[in-house]
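Dear colleague,

Please find below the structure that I am handing over to you. My findings follow it, and I would be grateful if you read them with the structure open.

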Amino acid sequence: MKLLRLSFTLVSKKHPKVINIDQICLLVEKYYPEDFTEQEGIQLRYQLKIFNIDMTNNLRLSGVSTIADLCKGLVETHKRETYYSLDRVVRLVLTLPVSTATTDMGFSAIKIFKDRLRNKISDDFLANN
């Protein structure tokens with residue numbers, strides 16, 4: 001839940017034209033240490049500072065209300081290359097539901113084998129094997 005709360009600071013409702021830089025850097029340090037080197041973390045901080053300024057001047061970026069809209073806005077305004085670290089953070093956050101759904105489906109399949117199939121095994125079957 002902490003990861004989701006931190007990720008929603010990318011599209012804050014209170015201050016829609018400002019991204020909380022400290023919260024995003026905390027998100028990267030805490031949950032994505034393997035995806036960003038120390039140097040890339042520093043670059044991310046600088047890119048976020050510049051992005052906050054750029055976002056106030058760009059109507060397409062200042063009007064985003066979801067993380068998916070922010071990702072689309074970066075692509076449509078051709079800012080994806082300029083703010084490549086921010087783009088990577090956004091894409092990592094957007095893939096979170098997919099990665100957890102895959103895990104949930106795996107556990108559901110295991111449950112079928114462990115519970116339903118095991119209940120069908122009779123005493124005769126076990127004795128013969």
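This is a predicted model: local features need pLDDT of at least 70, side-chain atom pairs count only at pLDDT 80 or more; totals for chains, interfaces and linings use all residues.

Residues are numbered from 1 along each chain as its sequence is written, and side-chain values use heavy atoms, with hydrogens and water left out.

Aromatic rings

A search of the whole structure finds 1 aromatic pair. Rings of Phe, Tyr and Trp (for Trp, the six-membered ring) pair if their centres lie within 6.5 Å; planes under 30 degrees apart count as stacked, over 60 as edge-to-face, and the rest as tilted. The pair consists of Phe-51 and Tyr-83, whose ring centres are 5.0 Å apart and whose planes stand at 80°, so the arrangement is edge-to-face. Phe-51 belongs to helix H3 (residues 38–57) and Tyr-83 to the loop between helix H5 (67–76) and helix H6 (84–120), so the pair ties together parts that are 32 residues apart in sequence. Helices here are DSSP runs (H or I, at least four residues), numbered from the N terminus. Both Phe-51 and Tyr-83 are buried; buried means under 20% relative accessible area, exposed over 50%, and partly exposed in between (1.4 Å probe, protein chains only).

A ring also meets a charge: the charged end of Arg-88 sits over the ring of Phe-36, 4.4 Å from its centre. For this, NZ of Lys or CZ of Arg must be within 6 Å of the ring centre and within 35 degrees of the ring normal.

Salt bridges

The count comes to 5 salt bridges, each being a side-chain nitrogen of Lys or Arg within 4 Å of a carboxyl oxygen of Asp or Glu. One of them joins Asp-22 to Arg-45, with the closest N and O atoms 2.9 Å apart. Asp-22 lies in helix H2 (residues 21–31) and Arg-45 in helix H3, so this pair ties together parts that are 23 residues apart in sequence. Arg-45 is partly exposed, at a relative accessible area of 28%.

Lys-79 and Asp-54 also meet in a salt bridge (3.1 Å, N to O). This pair links distant parts of the chain, since Lys-79 is in the loop between H5 and H6 and Asp-54 is in helix H3, 25 residues apart. Lys-79 is partly exposed at 21%, whereas Asp-54 counts as buried at 16%.

Asp-87

Asp-87 forms a salt bridge with Arg-91, the closest N and O atoms being 2.8 Å apart. Both residues lie in helix H6, 4 residues apart, about one turn of the helix. Asp-87 counts as buried at 5% relative accessibility, and Arg-91 as partly exposed at 32%. Together with Arg-80, these two residues are linked in a network of salt bridges. Beyond its neighbours within four places in sequence, Asp-87 is in contact (heavy atoms within 4.5 Å) with Cys-71, Leu-74 and Arg-80. Asp-87 and Cys-71 are 16 residues apart in sequence and 6.8 Å apart in space, C-alpha to C-alpha.

Thr-77

Thr-77 is found in the loop between H5 and H6 and counts as buried, at 18% relative accessibility. A polar atom of its side chain lies 2.6 Å from the backbone oxygen of Gly-73. Leaving aside neighbours within four places in sequence, Thr-77 is in contact with Asn-58, Arg-60 and Leu-61.

With kind regards

Key. Helices (H or I, at least four residues) and strands (E, at least two) are DSSP runs, numbered from the N terminus. A polar contact is a pair of N or O atoms within 3.5 Å; within protein, one must be able to donate a hydrogen and the other to accept it, and residues adjacent in sequence count only if both atoms are side-chain atoms.
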